[in-house]
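Hi,

Here is the structure I promised to pass on. Have a look, and my notes on what turned up inside follow below.

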Amino acid sequence: MRALLGLVVVSLLALPMPAEPVVQQVAPTKGVPTGGTLVMIYGSDLIPEALTCRQGSTGFCPGLRASFGGASAIFHSATPSYVYVYAPGGVGTVDIRLEVEGRPNLTLPNAFTFDEHAPPTPNDTVRYLVPITTHEQPGLNGSLWTSELTLFTSGFSRAMLRGRFCDESSLALCTSILDLERDVSTRVRLYSATGGEGAFLYVPRAASGDIVRQLRARDIARDRDNFGSEIPVVDVNRDFGPNQRLLDVPVDPRYRALLRVYAQDDRSDRIVVTVYPPNGTEPIESYELGLAGRGAASDFPLNPGYVAVDPISDAVRASGHQRVRVEVEATFLWDPPPSFHIWAFISLTNNETNQFTVITPQR
């Protein structure tokens, strides 16, 4: 029996022991408090070969969890020699913890600092346009308009967003950072910095697929129980383009129309608006507009270039068409033109009820 026990002990000792993980570098060691910084943990034997994960588009790697100061990170990819994760939002200097199934936790003390002065990178955020940012704004026929932006995330334990978030009682009380808690619907006020319409919202890139954005505008003077009309919150990089086409716009005296045009900034020499019949290429009317509304140059501009006009002029009404097509284009006087993209939509408001709908460029 003793011989048998000795054989078992010798056999166990002969088994290869799991290699100790070795961390050689964490880069970068600083990132923006809003989250989304892509962080690399480099070394050897960080995870078992069997847990290699190159499907980072899902944000998760089976058997692995990474956290910054206790807040969960989103995975990009992982191998035994490197782990890439998107940092969540946070404050101050925190530990990075890597939890690997079947192994003790790997803790890197004070390994990452959330620094508001850390230079932003293209990987940090996705920029969204919130087209309507009004609060109890008087309109025609005794209307009183307000917009309601609601945000929700189920991904990050918390996500930090960037924008101009103001107290509805005073536009002087504003903050540039919003801390969005997980599994909580949060209604916020986001405002333009120049008093015009439209503001930019910056979402951590890693969390952009998890954050639900819902924007409504409604007339609270007529019917406070009416939920109003939903307006799209627009991905600047995906939905903006050098031109926009708005189809099937009604020419009806019962409605008033407003064409709103938004730009990444105000560099365009001109915005050209052309109104066509629903079929054909011969324009009914064409005219130029200038952009206004952008603040000082910034890595995170708070509001877009903006202009608004009634697209249904007397000439359009006199054309006899019941519906028209409106095309909007950004143009320049020099060649080659710089990269410049815009987005536009038309709101149609019923003159009697003040209820409105929106026409957006569908693709």
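A quick definition before the notes: Ala, Val, Leu, Ile, Met, Phe, Trp, Tyr, Cys and Pro count as nonpolar, Asp, Glu, Lys and Arg as charged, and the others, Gly among them, as polar. Bear in mind that this is a predicted model.

That wording matters for the cavities. There are two of 30 Å³ or more.

The largest cavity has a volume of about 60 Å³. Its lining divides into seven nonpolar, three polar and one charged, and includes Val130, Leu149, Arg189 and Leu215.

Now the overall picture. The protein has three helices and 27 strands, and 47% of its 363 residues count as buried.

The largest nonpolar core has 36 residues, and Leu129, Leu149, Leu151, Leu161, Leu201 and Tyr262 have the most contacts inside it. Take Leu201: leaving aside neighbours within four places in sequence, its contacts include Val126, Leu151, Leu161, Phe165 and Arg213. There is also a second, separate core of 27 residues, with Leu246, Val275, Leu289 and Ala344 among them.

Cheers

Note on methods. Residues are numbered from 1 along each chain as its sequence is written. This is a predicted model: local features need pLDDT of at least 70, side-chain atom pairs count only at pLDDT 80 or more; totals for chains, interfaces and linings use all residues. Side-chain values use heavy atoms; hydrogens and water are left out. A nonpolar core is a set of buried Ala, Val, Leu, Ile, Met, Phe, Trp, Tyr and Cys residues joined through side-chain atoms within 4.5 Å. Buried means under 20% relative accessible area, exposed over 50%, partly exposed in between (1.4 Å probe, protein chains only). Contact means heavy atoms within 4.5 Å. Helices (H or I, at least four residues) and strands (E, at least two) are DSSP runs, numbered from the N terminus. On a 1 Å grid over the protein atoms alone, a cavity is a set of points where a 1.4 Å probe fits but cannot get out, and a pocket is an open set with protein on both sides within 12 Å along at least five of seven lines; lining residues have an atom within 4 Å of a point. Grid points are joined across faces, edges and corners, and a volume is the space filled by probe spheres set on the points.
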